[in-house]
Amino acid sequence: MNLQNIRNFSIIAHIDHGKSTLADRLLEQTQTLSKFQMQDQVLDSMDLERERGITIKSHAIRMDYTAPDGQIYELNLIDTPGHVDFSYEVSRSLTACEGALLLVDAAQGVEAQTVSNVLLAMEHDLFIIPVINKIDLPGAEVDRVVMQLHDLLGVEEEEIVKISAKEGIGIDKLLAAIIDEIPPPEGDPDAPLKALIFDSIFDQYRGVVAYVRVFDGVLEKNMPMRLFSTSQNYDAEEIGTLKLKRIKQQSLSAGEVGYLIAGIKDLEDARVGDTVTGSANPAIHPLPGYQEVKPMVFAGLYPVSSDDFENLRSALEKLRLNDASLSYEPETSTALGFGFRCGFLGLLHMEIIQERLDREFDIDIITTVPNVEYRVRLTSGEQVDVQNPAEMPPAGNIEDIAEPILDAQILVPSEYVGNIMRIAQDRRGHYRTTEYIDPTRALLRYDLPLSEIVLDFYDRLKSVSRGYASFDYEYKKHQAADLVKLDLLINGEPLDALSAIVHRDKAYEWGRALSQKLKALIPRQLFEVVIQAAIGAKIISRETVRPFRKNVTAKCYGGDITRKRKLLERQKEGKKRMKQVGAVEIPQEAFLAVLQMEV
Amino acid sequence: MNFGLYIHIPFCHSRCPYCDFAFVVGKNHMAKRYMDAVIVEMQTRMQSLGTLPVFNTLYFGGGTPSAIPPGQLNRILTNAKSAVSPDAEITAEANPNDCEYFEKLYEYGINRLSLGVQAFTDRALKALGRFHKASDAIVAFQAARDVGFKNISIDLMYGAPGQTLEEWAKSLQRTIELCPEHISVYGLTIEPQTNFARRLQKGQLDVPPETDQAEMYMYAIDQLEAAGYTHYEISNFARSGFASRHNLNYWHDRPYLGVGLSAHSYLDNRRFWNVRGLKTYMQRVEATGYAVEREEQLTPTQHLLERIMLGLRQRRGLRADFLSHPKIHKQYIAMTNQHLLERTDNRVRLTRQGLLLADLVCTELVREL
């Protein structure tokens, strides 16, 4: 294919602004799929993606489009994940493109993620086509959104394409804009091969399938090739382009997008962002911008029944085949037994993994309080990274503790600015700037500790802004703070799974709220249960669960022994679902208590 | 040979607000048709047993057996006569207001009367929704003695709404003064779907706190033991030789046949029970001779659970070898160390403290099973 006739682009949008529906419509209009093959949101292949309406994995699809002038164009749509947890993947996908469709909902307008996506697209030097979607909705405020886009991008109204992806309105105009305005790829087919891996998936029959964009040179079938980050050599067993299925090709040359199968066993060896080059005539430098994806949020995952430990291990192994950003290693908890400390890109990523464990593997798990990674400087001068509060070194050995700080952007209608500022303050946010993207909407920037948003920040944000606030962030730095380890003791025994690292100013409130919550959740037992919160040796709160004084069935219902036995069987099964900590029985909900705390 | 026969008489004069047994009110005109059905069911059962059984106990429970004319009970006694051993314990539950029937009941061969007194203070009786007075109960007891009953049991209930320990002590004292052969002491239990349960939920029922209930129970044990009664089961006390043989059958894992609506039977490791509706029961028996709602074959684990559960409720305890089971032993040791269980010779029983927590101890013992 002549480079002049190739367009590589992606769609960037805030969640729910209609990205997947637009993708469907493009596939239909270019006759890549017949109506018969259409299924809503074709590119969201996981059930979970379709249900939650978010794209978790990137996808790529090639459309061969005959333009009204009779010319045939190769349009490569590179779909990007739609959530901040996966922003690195988004960034890599954008690298593979020359242009982007910036999709904005006509009723919702510009949101925080729209802004950060625009910045990201600009960073990658992409040509941006602004698109207003859902213009058919009764609540559509096209003029307002036009103004917002004008302020954001400096574009005039004529440059904005107005569509309804759902109704198929304006799709032809959009295709024309893609062809006319997005620049064709450049690249030197004669230079040494440089191809970017922008995503990879695991196929149980073929191993790793890497999605690549060739920048220079030609990737040919059976050629010996090498990955820059690992210096491993492979043979390009199969290459091709992506339609709904994989279509084998003999080669992919500069400017083209496709897939590569090269006998790579582990997703980790075909990392997103890595560069593929030829073994015989390698490029000297890789494509820029490669970075290892690091988990941001950590939590312990424990099987409810200890018999499920091996099942959990194999389930995590399988999930990781498809998701190299999930990390896990075995750990033990005195309270919960054997489990795994898992690292996630963010909270959504964590939720997705929990849901998949439940749905696809049917394993009951207890998840400990999610936490961030702390960088601890010891008095000895040594530095350790702590991913589990239980492993925090003794206070006496600590010089200081640094926590991850985010660069957070919150976009909110101006009347809620006060509310948002109050929450940000509560969450130890450090205010930086306010910008008005239009007279009614403010973009607030804060430095915000990641640990403060791990629990319910997003929900709070939504509730104080009647759902209008939107939020985006990226990691900025680690910064020292006055943090302490708060332990929870049950009858004097520390319950490691509920230990937390909290700011000293919040420790009392946290300790009291947590002990009260547990008091409500721990059933009465044969003996008194004392719940204490402590910082080091200092007890900061205490609650007790009174023991049973009397628990005896008065009457054995004549000959109805069955009824009493069934009651006993139920109680017995109830006990099996409890975790025994020392002699105390603690229901699973207690371990989730922290997640529902309003502090 | 120990084999019990239970006959359920569902008729009652009125509804007690705490009761969740199978009962009907205002249907006494159906008593004859019902008893016809009971006799049919009993005969069908006995025929299917093969050899004629010999029942060593017969028990009329309810409901209120004394709520229907005694002649109806006599029909059963006459019909079952050949299957009931001559020295059988034959009990009828009776309401203190029905004392005019006592003479007939005794005459027809009933030799044990279980009086549903519940309390000897008018305040508690009213709180429990009972229609008799304390004085009626005393009169009834005397009447039973006068017509010849030498084995009388009194049912008492502690923890009535608004009850104090002092008030409870009064009921106990009156009971002891009457010198019954047997006393059952039940803590008021709020069963779901009863009038009391609804009132409790609305916050309109003033049930004594758990600590008071525990104290009432302990006080009863002390008083009754001091008065010469043997505490032989969690809720039951008797003078020597007067433990309820019929109830011991249930608790000793022995067979019994239950006839009438909602009655439970236990034969050949199989438990089955009848339907609860009066009409359904009669129609099904009239059509087929039976009215079983469900049955279950006990698995070995279930059987073991029952033996432990029933054994622990008895003051003589459980044979220690049950507790050497590998999945029980550890908990047994732990419960012993917590002074909830104690060993006497080759039996294990609840301690005094353990009695109050019998259900928890039992659940804990079998948690690994």
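## Conventions

A crossing is left-handed if the near helix is turned anticlockwise from the far one by less than a right angle, and right-handed if clockwise. Helices (H or I, at least four residues) are DSSP runs, numbered from the N terminus.

This is a predicted model, in which local features need pLDDT of at least 70 and side-chain atom pairs count only at pLDDT 80 or more, whereas totals for chains, interfaces and linings use all residues. Residues are numbered from 1 along each chain as its sequence is written, chains are lettered from A and ligands numbered from 1 in the order in which they are written, and side-chain values use heavy atoms, with hydrogens and water left out.

## Contact between α13(A) and α14(B)

The crossing of α13(A) past α14(B) is right-handed. Helix α13 (residues 561-576) of chain A packs against helix α14 (residues 358-365) of chain B at about 60°, and their axes lie 9 Å apart. Axes are lines fitted to C-alpha atoms, for helices over the stretch in contact, and angles run from 0 to 180 degrees between N-to-C directions.

From α13(A), K564(A), L568(A), Q571(A), K572(A) and K575(A) meet D359(B), C362(B), T363(B) and E364(B) of α14(B), contact meaning heavy atoms within 4.5 Å.

## Helix α4(A)

Of the 12 residues in α4(A), nine are buried (under 20% relative accessible area; exposed is over 50%, partly exposed in between; 1.4 Å probe, protein chains only). Among them are Q113(A), V115(A) and L120(A). D125(A), which follows α4(A), has a positive phi near 65°.

## Cysteines

C97(A) counts as buried because its relative accessibility is 5%; C179(B), at 38%, counts as partly exposed. Zero disulfides (cysteine sulfur pairs within 2.5 Å) are present over all chains.

Terms used:
Helix = DSSP H or I, 4+ residues; strand = E, 2+ residues; numbered from the N terminus.
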